[in-house]
Amino acid sequence: MLKKYDFTKTPPVEVANDILVDAAHRGASDIHFDPHEDRMLIRIRIDGELINYAEIPKEVQKNLITRLKILSGMNITETRLPQDGAIKMHLKDTDLDLRVSVLPLLEGEKMVIRILDYRRSLQGIETLGFSDTNYQKILKMISVPNGIVLVTGATGSGKSTTVYSILQRLNKEQTNIITVEDPIEMGIDGINQVQTNSEIGLTFASALRSILRQDPNIIMIGEIRDSETAQIAVRASITGHLVLSTLHTNNSLTTIERLIDMNVERYLLASSLTGIVSQKLARKLCPKCTHMRPANDYEKNLFKGVLGVDITELPTTDGCDECTNGYHGRIAIHEVLLIDQDIRDAISNGIKKEELRELVYTSQVTTMLQDGLQKVLKGLTTFEEILKIIELDDDEHVEENADLKAAIHNTNIAVQNTVQEQNSTLPYVQEFNQVQNKPEAL
């Protein structure tokens, strides 16, 4: 039900304050102010899903947006160009750390506010949902004195939370850590953080050149966005520095390809790349209303083929007053690749993508599909959420979905040796090839 505001009694300043605080208390990650012809619709994103929150009369729209632009340090007279800002304040016993973006549309300015919450980062890597195997790989990656470790995923997949957790682990008195970020999302005591400013020429690349003269042990780059930054980062990692950064790619294989596309020399990439942590977020089951349901034949075959386990039932949910449609919070699904010598040689020699895929997914890697299904068995999320992460649509054209086919193919490679030892086939492959004729199986 939409929240109601009486603007005859409540000024826009108080309404703006109430929206920010209430959204933060509800655990929202974003607030959307969408202008329409006759009103402004406010939506909030909770656990990855946008839900309608409130409607604002058209005549109040400009005043509300102006108030939020003032708080975020924007130019209130400029309505024709996009703007970015930030809000950091203590309001109604709540600490708010917000990133604000404004985009001019036909019906007015659309504003999106990102609510930053790095409490998970402060709790440590061990609280981020890594399996025991992946957790040990992470510790091994960050224990090396030099090399580059990349955390990859889509926007909003928790990359910054993971990177900050790693920095917390590495932040010691005898270590000089310098970061270059745009923007600095969380201040950490004991770490030197540089805010880029392209208007005065302080870009990622120019900042990195100066950082290398500051005797760093560890360098964190907020995001590798272009070829120049990628090349400097790789060179820094082979000159005695541990480099952490993020990249917008979906998995380990595409990360390697993206860096090669950014004109990073193969021999440098092969010698510098230490590990890749790929992740996506799935909605977490509400513990109050979770119960079990019977598994269908497709699900049984998939779990048998991927994990080698027999199942008869899976967790599901009906929803309750304490959650959003049966889910509360989110959990990360990971794929962690620790680069070995075979993969280094393959990158350096420029082998074909298909051959590189075989190497990557036979190097003791746990694919996202495997990690996700393991978390389903633990009751942390649902089978439907895992299929959504690998972009499976509930329609009759499953066979056309390249992302799902790639995920299952990668998992097939990763487990084929174990499956052969168990004298087993991979029945889920045949089931998958036939599923477009039986959509009801999903």
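Biologist: Is the crossing of α8 and α12 left-handed or right-handed?

Modeller: Happy to start there, with the reminder that this is a predicted model. Helix α8 spans residues 252-261 and packs against α12 with the axes 10 Å apart. The crossing of these two helices is right-handed.

Biologist: Which word describes how α8 lies relative to α12, and why?

Modeller: The two helices pack at an angle of about 135°. Angles over 145 degrees would count as roughly antiparallel, and 65 to 115 as roughly perpendicular. The angle therefore makes α8, relative to α12, oblique.

Biologist: Why do the buried residues of α12 lie on the same side of the helix?

Modeller: Helix α12 covers residues 353-360, and Leu 356, Arg 357 and Val 360 are buried there. In general, an α-helix has 3.6 residues a turn, so residues three or four places apart point the same way.

Biologist: Over to the strands: what is the phi of Lys 92?

Modeller: Strands β4 (residues 83-91) and β5 (residues 94-105) pair in the antiparallel sense over 9 bridges. They form a hairpin with 2 residues between them, and Lys 92 sits in the turn. Its phi is positive, about 50°.

Biologist: Which residue in β6 stands opposite Leu 105?

Modeller: Strand β6 (residues 108-115) pairs with β5 in the antiparallel sense over 8 bridges. These two strands also form a hairpin, with 2 residues between them. Opposite Leu 105 stands Gly 108.

Terms used:
Residues are numbered from 1 along each chain as its sequence is written. This is a predicted model: local features need pLDDT of at least 70, side-chain atom pairs count only at pLDDT 80 or more; totals for chains, interfaces and linings use all residues. Side-chain values use heavy atoms; hydrogens and water are left out. Buried means under 20% relative accessible area, exposed over 50%, partly exposed in between (1.4 Å probe, protein chains only). Helices (H or I, at least four residues) and strands (E, at least two) are DSSP runs, numbered from the N terminus. Two strands pair if DSSP finds at least two bridges between them. Axes are lines fitted to C-alpha atoms, for helices over the stretch in contact, and angles run from 0 to 180 degrees between N-to-C directions. Angles under 35 degrees count as roughly parallel, over 145 as roughly antiparallel, 65 to 115 as roughly perpendicular and the rest as oblique. A crossing is left-handed if the near helix is turned anticlockwise from the far one by less than a right angle, and right-handed if clockwise.
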